[in-house]
Amino acid sequence: MTRTAGELAQYLGARLVGDAGAKIAGVANPEDASDGDLIYADSAQNVARATESHARCMVAPKGARADGKTILEVENPKLAFAKAAAWLLPKPDPMPGIHPTAVIAPSAKISASAYIGPYVVIEEDVSVGDKSQIDAFCFIGKKSRIGSQSHLRPHVVLYAGAVLGDRVEIHSGTVIGGDGFGYVFGEGRHWKFPQTGTLEISNDVEVGCNTAIDRGSLGATRIGAGVKIDNLVQVAHNVSVGDHSVLVSQTGISGSTTLGKFVVVAGQAGFGDHAVVEDNAVIGGQAGILPGKVIRKGQTVWGTPARPLEKFKEQHAWFARLPELARRLRALEEQAKEKRSGG
Amino acid sequence: MTRTAGELAQYLGARLVGDAGAKIAGVANPEDASDGDLIYADSAQNVARATESHARCMVAPKGARADGKTILEVENPKLAFAKAAAWLLPKPDPMPGIHPTAVIAPSAKISASAYIGPYVVIEEDVSVGDKSQIDAFCFIGKKSRIGSQSHLRPHVVLYAGAVLGDRVEIHSGTVIGGDGFGYVFGEGRHWKFPQTGTLEISNDVEVGCNTAIDRGSLGATRIGAGVKIDNLVQVAHNVSVGDHSVLVSQTGISGSTTLGKFVVVAGQAGFGDHAVVEDNAVIGGQAGILPGKVIRKGQTVWGTPARPLEKFKEQHAWFARLPELARRLRALEEQAKEKRSGG
Amino acid sequence: MTRTAGELAQYLGARLVGDAGAKIAGVANPEDASDGDLIYADSAQNVARATESHARCMVAPKGARADGKTILEVENPKLAFAKAAAWLLPKPDPMPGIHPTAVIAPSAKISASAYIGPYVVIEEDVSVGDKSQIDAFCFIGKKSRIGSQSHLRPHVVLYAGAVLGDRVEIHSGTVIGGDGFGYVFGEGRHWKFPQTGTLEISNDVEVGCNTAIDRGSLGATRIGAGVKIDNLVQVAHNVSVGDHSVLVSQTGISGSTTLGKFVVVAGQAGFGDHAVVEDNAVIGGQAGILPGKVIRKGQTVWGTPARPLEKFKEQHAWFARLPELARRLRALEEQAKEKRSGG
């Protein structure tokens with residue numbers, strides 16, 4: 001959608017410096033931009049880099065100037081740029097219809113405004129809401145429910161009974177609602193613990209590629225509203241992830257662990273079972289949270305086992321100086337020995 | 001299947017306290033149970049929680065009492081509950097038949113009691129045993145063999161020549177028998193080492209979602225009977241996993257590493273190549289086993305590089321006290337200096 | 001293809017000891033070999049093991065002898081064996097043709113010598129080069145380009161606009177060109193950063209199973225020529241991997257990180273964003289590279305945060321001796337106390 005710089009400034013609450021009538025139709029980075037693309041600079045260094053761009057308009061911090069560019073001055077240029085992109089390039093409604101190769105159970109209820117792609121399989125008693133899009137090769141197990149304006153990319157699997165809200169996007173290869181990994185050992189073998197629970201994903205959740213989110217064993221696995229989950233993440237049975245939390249790639253969360261709201265988990269972090277992470281906590285990359293551990297509200301932790309970041313840094317600084325500490329200890333021992341033999 | 005509390009007590013070898021004629025048709029957790037569901041409590045605390053449940057019958061430790069509940073007293077309530085669930089809710093035989101959209105090579109041998117779902121592709125010389133179930137979008141490469149009562153969930157891939165036993169369950173997105181990751185560097189490039197080996201999965205194995213198990217490069221990759229593998233696990237070429245071992249999510253096992261029987265590997269653990277883990281060993285979460293390392297029978301290890309748990313704990317306790325040790329060392333140095341200058 | 005030992009010696013530049021006319025048709029390990037298979041031994045110990053093999057011909061280090069075997073003497077037996085395997089068992093051209101169940105947009109350009117398997121979906125404006133092979137259930141998003149002699153195994157997904165070179169092999173379950181994981185937090189929610197960039201994979205790249213390689217958010221993600229990527233690897237948006245680098249299983253690379261040429265990354269290593277790894281560096285298993293960190297040319301690093309291997313080893317040796325250091329410190333403190341009270 002083409003907008004003018006003036007319209008965009010109004011939408012973003014930005015101060016406009018330059019040509020209010022300049023046309024903007026897309027977004028790009030400075031190197032690849034054409035004159036109708038919006039670019040952004042979040043630092044003085046990047047403003048300089050932007051000067052050479054073909055783009056006519058840029059979002060920039062207050063006071064930034066670039067020869068011949070129309071500037072939209074804002075507090076947070078990257079945020080304004082993301083908002084501008086969402087406004088300029090809204091996700092189009094899907095072309096409604098059901099591909100003739102889709103295999104759909106008669107009892108499934110598919111909205112007339114939904115799109116069902118080639119080679120989709122939809123089982124009994126599934127419902128798909130308005131303007132939702134189910135791409136090729138998706139498998140939707142029986143009794144699953146998908147809200148409106150949601151989008152399943154090619155090759156997504158929903159096990160039976162999965163419940164997805166509105167505006168949920170699931171990327172390719174991800175499996176939702178698989179059996180939890182629970183066994184009880186006895187009589188020389190592993191007995192499968194019943195895996196008959198449920199799986200609920202709230203509105204505005206995005207899940208990356210090749211991720212696995214298991215349903216509850218008994219009870220539910222719950223992903224809160226606005227949660228963002230990256231590629232190759234593991235979410236086990238009965239986990240609860242609070243609203244607007246973020247799980248970066250290759251993170252693994254064991255059974256019955258609970259994350260609060262606005263929690264940020266960096267890549268490859270691992271959580272034992274029954275841990276509790278309170279709101280706004282930050283878990284560092286590759287950190288390991290022990291089973292049953294509680295991470296307090298707003299705390300930043302790192303390391304395995306995880307501890308407050310400042311503590312970890314201090315301990316780790318001494319770890320790096322261990323050879324020096326050992327030499328100093330040795331020197332004291334030598335002195336003491338000399339003194340004894342000298343005495 | 002509906003049973004009476006008396007029948008169940010007999011099956012479990014439990015002591016019945018209460019109404020032997022109470023009907024039981026399913027399992028649930030206390031909060032979600034209806035009166036016909038069996039629940040369990042494994043501690044006094046959970047017995048209290050169970051008292052408020054709608055369920056009439058519960059499995060509980062010896063001596064547990066809950067007003068109005070029929071109690072099945074056992075040594076290990078969680079085990080008894082899992083066994084009861086398997087008995088009350090046996091996996092039904094699949095509806096036999098081949099979906100008309102399945103593409104099956106004429107030379108494939110499919111048991112008349114097997115189920116082949118929509119959009120399954122089965123190549124030449126494959127065999128599928130009695131009462132096995134191959135769900136939608138599975139790809140079964142040529143010469144693969146699947147035993148009886150096995151179940152491949154939607155979107156499973158078997159590379160050519162994979163051999164699966166009886167009662168094997170593979171969850172969605174998992175790839176079995178892929179090429180091993182082996183190259184030899186020379187003349188400025190990586191030459192692929194031949195990946196022409198085999199892959200064998202024994203009876204009663206369960207494999208989670210989006211896991212990858214490569215076949216042998218030369219020779220075989222072998223997964224023993226009763227092994228349980230979680231989601232997103234990597235098993236490389238020529239690995240051998242002994243009977244009844246357990247691999248938790250995101251674990252990675254490098255080429256030619258051997259695990260004994262009843263080994264337990266916690267989440268995100270990593271193994272170098274040619275390591276050996278003896279029977280009944282336990283590998284902690286995120287632990288790193290060096291290439292060629294031997295973990296002795298029954299040992300529990302943790303950390304990277306992995307070491308016996310007690311050693312790791314002791315070393316790690318001192319790691320956390322490093323700032324204190326450094327202060328104490330400094331104090332001694334100051335004393336020694338004073339003494340010298342004082343002397 | 002059957003060759004004689006003499007032909008093979010000439011191809012490999014090997015010195016032949018034995019029967020130049022011996023026929024060789026395949027490769028195997030010593031235990032499984034039939035008389036027409038080539039085997040290899042890279043050490044004296046393995047030469048002994050090879051003596052009992054049915055194979056008549058073996059590649060071996062200079063001076064190795066085994067009764068009755070024809071020996072091909074070379075500097076690097078494993079390399080020669082891999083080269084011999086590639087020569088004896090060249091990858092066959094695919095059977096050209098398009099399976100009748102494939103759903104292909106009219107604007108797609110498929111080479112007449114390419115193979116398109118059952119239940120493949122190819123969108124608008126895709127091109128597939130000569131002798132390339134697209135196996136069952138692959139999804140090729142619009143405007144993607146696949147070079148010649150490339151091979152997509154069953155269940156590969158290319159998002160729109162992915163560009164693959166020649167002789168690229170992608171294994172099952174891998175997703176290429178997914179959305180990068182980028183959000184900007186503001187006004188109580190995560191705004192998606194635009195993910196409109198590109199994805200380029202150069203010639204002779206091999207990618208394992210269930211891996212995820214995201215396209216650029218703005219700009220490009222680039223995988224250089226000859227790169228080898230294992231199973232379950234995460235490559236984020238705007239990452240650049242230099243020619244002939246190797247990424248072992250479960251490695252994760254965050255956004256905008258750059259790897260040089262001939263870099264080797266062991267399993268489960270993790271990289272923060274905007275890190276730089278120079279040519280020929282080696283990253284140890286489970287190592288953690290901090291955001292923005294630079295790893296110098298040819299350096300080998302280990303640990304989290306990663307540091308030069310020799311430093312890590314020295315520091316870690318002292319970590320293992322921390323209980324001893326603490327005891328020694330305590331002893332000095334006791335001595336000093338005695339002296340003080342004694343004085």
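Predicted model: local features only at pLDDT ≥ 70, side-chain atom pairs only at ≥ 80, totals over all residues.

Me: How do you know how chain B and chain C are related?

Reply: Two copies of a chain are related by a rotation about an axis and a shift along it. Here a rotation of 120° with 0.0 Å of shift along its axis puts chain B on chain C, with an RMSD of 0.1 Å. The two copies are thus related as by a three-fold rotation axis. For chain C on chain A, the rotation is again 120° with 0.0 Å of shift, and the RMSD is 0.1 Å.

Me: What makes the domains of chain A, and where are they?

Reply: Their bounds come from an automatic or database domain assignment. In chain A that gives domain 1 (3–88), domain 2 (97–310) and domain 3 (317–342). Between the C-alpha centres of domain 1 of chain A and domain 3 of chain A there are 61 Å.

Me: How do you know whether the span of helix α5 of chain B agrees or disagrees with what it should be?

Reply: Helices are DSSP runs (H or I, at least four residues), strands are runs of E (at least two), and both are numbered from the N terminus. The expected span of a helix is 1.5 Å times one less than its number of residues. Helix α5 of chain B (residues 322–342) has 21 residues and should span 30 Å; its end C-alpha atoms are 30 Å apart, so the two agree.

Me: Which residues of α5(B) are called buried?

Reply: A residue is buried if 20 or more other C-beta atoms lie within 10 Å of its own, exposed if 12 or fewer, and partly exposed in between, with C-beta atoms placed from the backbone. In α5(B) the buried ones are B:Leu322, B:Leu325 and B:Ala326. Seen down the helix axis they fall within an arc of 100° (the arc of the directions from the axis to the C-beta atoms), so they line one face of α5(B).

Me: What covers the buried residues of α5(B)?

Reply: The cover includes α4 (309–320) and α5 (322–342) of chain A, α4 (309–320) of chain B and α5 (322–342) of chain C.

Me: How many residues of chain C are in contact with chain A?

Reply: Two residues are in contact if their C-beta atoms, placed from the backbone, lie within 7 Å. By that rule, 44 residues of chain C are in contact with 47 residues of chain A. The largest share of the chain C side, five residues, comes from α5(C). By class, that side has 22 nonpolar, 17 polar and five charged residues. Nonpolar here means Ala, Val, Leu, Ile, Met, Phe, Trp, Tyr, Cys and Pro, charged means Asp, Glu, Lys and Arg, and the others, Gly among them, are polar.

Me: And how many residues does the contact take from chain B and from chain C?

Reply: It takes 44 from chain B and 47 from chain C. On the chain B side, α5(B) gives the most, with five residues.

Me: What is noted about phi of A:Tyr119?

Reply: Phi of A:Tyr119 is near 55°, a positive value in a residue other than glycine. A:Tyr119 sits in the loop between β11 (115–116) and β12 (121–122) of chain A, and with 27 C-beta neighbours inside 10 Å it counts as buried. C:Gln250 also has a positive phi, about 70°, although it is not a glycine. With 29 C-beta neighbours inside 10 Å, C:Gln250 counts as buried.

Key:
Residues numbered from 1 in each chain as written. Chains lettered and ligands numbered in written order. Least-squares fit on C-alpha atoms with pLDDT ≥ 70 in both.
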